[in-house]
Amino acid sequence: MAKKGEQQKFETKNGNKYIFQHPGLREAIRMRDTAKNEHGVQQGEKLYESLMEHVIFQEDGSKVSFEHFEEVGGFTEVLSAAVKFTFQEG
């Protein structure tokens, strides 16, 4: 897992460029926990909102949103890479 503040550049197949910045272990765990409902089932929308708030940034440092991805595409590609960067070892 990346360390707090560590960054990774990511470019989509369409050439859109993003920067992932790791929020730190505690925040990553909090993001995952708050995305679960009362039955412990992960709710995608809440997790994606957290990733867009704390991890995924455009190359110029501005934040992304659902509306951003509706305009430029690449939602699944970017969010999948951000999940891997934020939560997986190695």
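Guide: Two strands count as paired if DSSP finds at least two bridges between them, and the elements themselves are DSSP runs numbered from the N terminus, helices being H or I of at least four residues and strands E of at least two. The model is predicted, with local features requiring pLDDT of at least 70, side-chain atom pairs counting only at pLDDT 80 or more, and totals for chains, interfaces and linings using all residues. Residues are numbered from 1 along each chain as its sequence is written, and side-chain values use heavy atoms, without hydrogens and water.

Strand β1, residues 7-11, pairs with strand β2, residues 17-21, in the antiparallel sense over 5 bridges. Gln7 has Gln21 in β2 as its bridge partner.

As for the setting, the protein chain has 4 helices and 3 strands, in the order β-β-α-α-β-α-α from the N terminus. Its radius of gyration, 13 Å, is close to the 12 Å of the globule rule for 90 residues, so the chain is as compact as a globular protein of that length; the radius is taken over C-alpha atoms, and the rule is 2.2 Å times the number of residues to the power 0.38. The C-alpha trace spans about 40 × 25 × 20 Å along its principal axes. Of the contacts (heavy atoms within 4.5 Å) with a separation of 6 or more, 53% involve residues 24 or more positions apart.
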